[in-house]
Amino acid sequence: MKLNLRLSTNGKLTVLKYLVAALLVMIIGSIIILSQGNSPAEAFKALGVGAFGSVSAIGTTIRWATPSIITGISAVIAFKSGIWNVGIEGQMYFGAFVSAVVGYQLLMPRGVHIVVCLLVAGLSGMIFSFIPAILKLLLDVNELISTLMLNYAALLFTEYLTFKYMGFDASELADAIATPDMQPTARLSVLLPRTSATTAIFIAIGIAILVHLLYKYTVKGYELKMVGENLKFSKFGGVNYKSTFLTIFLLSGFIAGMCGGTEMMGTFGKFRPGFATNLGWDGVMIASIAKNNPIAVIFISFIWGALKSGSFHMERVTETNRLVISVLQALFVLLVAIDYEALYKWFCDQKQLRMLRKQESGVQ
Amino acid sequence: MEDVILEVKGMCKYFGSLVANEDINMTVKRASVHSIIGENGAGKSTLMNMIAGIYKPSKGEVFVNGKKVVFRNPNDAAKCGIGMVHQEFMLYPELTVLENLMMGFETTRMGYFLDRKKARKDIQEICDKYKFSIPLDEKAQDLPVSLLQQVEIVKVLYKGADIIILDEPTAVLTPQGIEGLFDAIRYLTEHGKTVILITHKLKEVMEISDYITVLKNGRVTGNLTPAEASEQLLASLMVGREVLFNTQKQEKEIGEDLLAVKDLTVKSDDGVVKVKNVSFSVKKGEIVGVAGVAGSGQGELIESLFGLRRPESGEIRYKGENITHLSPRGHRVDRIGYVPQDRLGTGCARDSSILENCIMGYHVAHKFKNPLLVNKKEAEGFSKQVVEDFSVKAESVYTQIGTLSGGNIQKVVVGREFCQENDLLVVEDPTRGIDVGAIEFIWQKIIQIAEAGVSVLLVSHELGEVMELSDRILVMYNGEITGNLRNTDELDEQTVGMYMLGGKRDEA
Amino acid sequence: MLGILLSTSTLAATVRLSAPLALATMGSVFGHKAKIFNIGLESYVLTSAFFATWGSYLFENAFMGLLFGMASGVVMSAIFGTFVLHFKSDPIVVGIAMNLSAWGLTSLLLFNIFHIRGSIMDPRIKSFGSIDIPLLGRIPFVGELLNNHNILVYAAFAVVIVSQIVMYKTRFGLRLRGVGLNEKAIQSAGVSVTKYKWASLIITGVLAGAAGACLPLSGISMFTENMSAGKGFLAVSAARIGKGDPFKAFFACLIFAFADAVSVGLQSFNIPSQLVLMTPYIATVVVMCLTNLDQLKKNAV
């Protein structure tokens, strides 16, 4: 595949904007780390070592890049078409739970088992995303709020299902609440020995490339994109927007569900309630930074994975709380969301206003 | 009586490299009607927006009652007694008329609480004095346009304006509504108010004005009185060349019924019946114009014709098939094209390329070689055809459409539909807000395509456009078709106006 | 079972639980009328819950906690306003980013200040005590329902009424509604849209801040990670359901609070806690559906 690396002035400005944002985030991060009484230099060094310093560090980076890519793509599908599906996390829980159960209950040859687990995971996520989709289509219920609410519901409901599956008196210990281990036939192989990186990364990259091709070459992809650009325009242009909306929701949910599946088949091996710890939100952030470009999602996800992997190491080595990193990630999203053109205009307006006031006081 | 209330000296306004106004000088006499005329884009509105404090002049001075003034915002202008009624009404549909009038100019108790009683009394006094009658407790969204315009004028008076600027006030009115407005304007000037009227309609200018200022390309080309002027003189000052806008139409044969609508009834979103029992037909190769005051149900009619809105009852037949419940996609496949009124909101996707904008609809109607994949060659070819046929000024078909000028965007929007080998085109206000050259171009294209055998349903709020292009005119009034008129030389605007107001109707 | 659902204790709990929701909802109502879609409200509530805890801890005084909470709410609004109104960022992206940073930040601060993970409970954190209104207490049923709540509950009711008055009876309210309905028009009337949007944001900040303070300072005197648990989101949906009308939005709040109270009541039955805890979230979605039922016909095409 050929990547267009030639940048227009516009593109250069974008790169500059990201660099400035990254720099700002580093500065703010340093201040936070300093205020905790730690050395920013050491902390960042530990971050780097934790992300790339050893085979196991790289493994961990890849391990965390994997779900970031998949949830990122799930978010891209929705956001590119102007749909705020922030229920990725909830859809993930359903996908994960079902694939964990299928992975334990059914006995199948290895290849088949993996495919089946992945498919049922996707389907479960899809079915769960059908709820906000149908509510939006029939009742105009704002999908942002409904998916937010359903996230909370999904977390609780899968916890309930786990109990139900295991028997309610199985265990009182919070840590022990989980489905049984999946069959080895349903597990993905380890990518780098003695690390948590699995072949799930190939699934993730594959999904991203497929989605990229979908947008680039297919009529359906064109329609999905145009619905996001201007819904009214697409409607009269003959795009059946209802089926397109449904496609978007279901596809986004399917991919989110698959992410749950790969998490189970890859690293976790069994379903534990609440395992996802904001993975869905990572996808939302990544899609927003990548400006809904599937290929950019891959790159940013690797940075995300590196930060996550590095932050664990940083916390161990320098006692710097790793939450610093999650705060900085959100901050980065905030900074690249700035419309610098508008900012510049506002600045000029202010300047003009001051001049006008001066002028006026001169007249009076 | 002959004293000067407003004077403008050396006024300039630049938007980047665009010159909107250059060295404008004019004086307005107290208690007169002063018309500012010029073509679309001549800089009339820009000038008035500067006088009303909305834009800041790049250069130049304004004097009110002989005193130099600088406006930071419309409130400053209001304090000097200048009020403007915009072409696009500045109203709040969900609020009552009283609240609309109070907004920004509230009478209060203790500085915070609204004093509705006092405001009502004051407004009633103004209404009585200048003979306006407006229902204060109705929501603005429930009133007809002519009443809304009165609300706007009362609002300006309530704010204490002595100089009232009316920006294209007649555009939304019927001929009869215009008469009413002119009566009100005369009444206002008799009571000492000064009215500045912006318009591009010569007849109106000659009828109502005491003084006329003509603008062309942002410059003043004439300051005169109606006695000195004639329509020909004004026209030549406005455009600087012979106005030759009569399109050449050839006699042509009109074929059989292509579209037949029978007893169609359509409701708007809030359940109001907007189209009542409408029946008409469009024949092959025919241009059928739909005239009517804005909001008479044209929008709902078109939406239901194109499958964007489900009709309550009735039937739409096209090529003999019942297409009443077909989706827009189905209409595309059936070779029906649609040029929407709102070109930026509905007609294109601003951030996408010309190519992506061109193949919308095409991708359904024509299908690419492999219907699942966008064939790059074919898409490029079609887009280039649109760009060339409609002489769109653009670097390439990959240029973002939002960077083009209004006229060029409109050419793409029209061209896309015209180049798709459609059999029926529903065209809505195809020339709104674009320059003269582009208007002429698009009018020619409409006539050409009809000569080639394509049927056109032309819905326009410019009566002149409908009368110029149509073979037959349908007049809508209050959701009904009150007139089905053959467009012959004998048909004049006044007659159509009577139909538009419901004062006259055909018996079916 | 129905008896328990509608018992006075459930209803009294509804009243108590409606306070933070009502405060946050009134905050959101002002934003809604000014046409600001502020999904970041959740972060306001969470952050101010933390700062209220901290303020109360530092001064061993609940009012100082409230003050801290409101101040932090205003700061959150300042951030949101700067990004959305001046930097022209997408309000949804800003809201989401703020929510995510608030989740991290409060846990981080909890660790940095109290050197603790999870939750903080300390005798120095003082809550608002319940107030016994002598006459009210003697009225049967109503007394049980409305008496012996803390001051924030009564304040919340007052805020709802004041909001209604401000919205419909004052110049500020009229202009604010004007800003939401037609920006261009109100600008031409010489009213600064930015100023009014900022004003609505400050109100949102103060009220959502107070809402956050309700969470740790209404008796339990503790802060736990992610304590807001979607209360900000609930408030945003309540404001939407009420279409920005304070009374209508408050009614939606009462429904959510009732669902919350019922979930407390249901725990005494043999119903798994997870299902019970889902009630308020499901209730929100259901209420949103019910209030949009009129759309069904239109969309059935």
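The crossing of α3(A) and α12(A) is right-handed, a crossing being right-handed when the near helix is turned clockwise from the far one by less than a right angle, and left-handed when anticlockwise. This is a predicted model, where local features need pLDDT of at least 70, side-chain atom pairs count only at pLDDT 80 or more, and totals for chains, interfaces and linings use all residues. Residues are numbered from 1 along each chain as its sequence is written, while chains are lettered from A and ligands numbered from 1 in the order in which they are written.

Back to the two helices. Helices here are DSSP runs (H or I, at least four residues; strands are E, at least two), numbered from the N terminus. Helix α3 of chain A covers residues 55-80 and helix α12 of chain A residues 294-318; they pack at about 140°, with axes 7 Å apart. Those axes are lines fitted to C-alpha atoms over the stretch in contact, and angles run from 0 to 180 degrees between N-to-C directions. That makes α3(A) oblique to α12(A), given that under 35 degrees counts as roughly parallel, over 145 as roughly antiparallel, 65 to 115 as roughly perpendicular and the rest as oblique.

Among the residues making the contact are A:Trp64, A:Ile69 and A:Gly72 of α3(A), and A:Phe302, A:Trp304 and A:Lys308 of α12(A). Contact means C-beta atoms, placed from the backbone, within 7 Å. The contact residues divide into 13 nonpolar, eight polar and one charged. For those classes, Ala, Val, Leu, Ile, Met, Phe, Trp, Tyr, Cys and Pro are nonpolar, Asp, Glu, Lys and Arg charged, and the others, Gly among them, polar.

Now for the chain-to-chain contacts. Chain A puts 42 residues against 41 of chain C. On the chain A side, α6(A) gives the largest share, 13 residues. Elsewhere, 28 residues from chain B meet 17 residues from chain A. On chain B's side, the elements giving two or more residues are α10 (328-333), α11 (343-347) and α13 (362-365). Here is the make-up of two of these sides:

| Side | Nonpolar | Polar | Charged |
|---|---|---|---|
| Chain A, touching chain C | 33 residues | six residues | three residues |

As for chain B itself, it has 18 helices and 22 strands. Its C-alpha trace spans about 70 × 50 × 45 Å along the principal axes. With 508 residues, a compact globule would have a radius of gyration near 23 Å, and chain B's 25 Å agrees; the radius is taken over C-alpha atoms, and the globule rule is 2.2 Å times the number of residues to the power 0.38.

Key
Contact = placed C-beta atoms within 7 Å.
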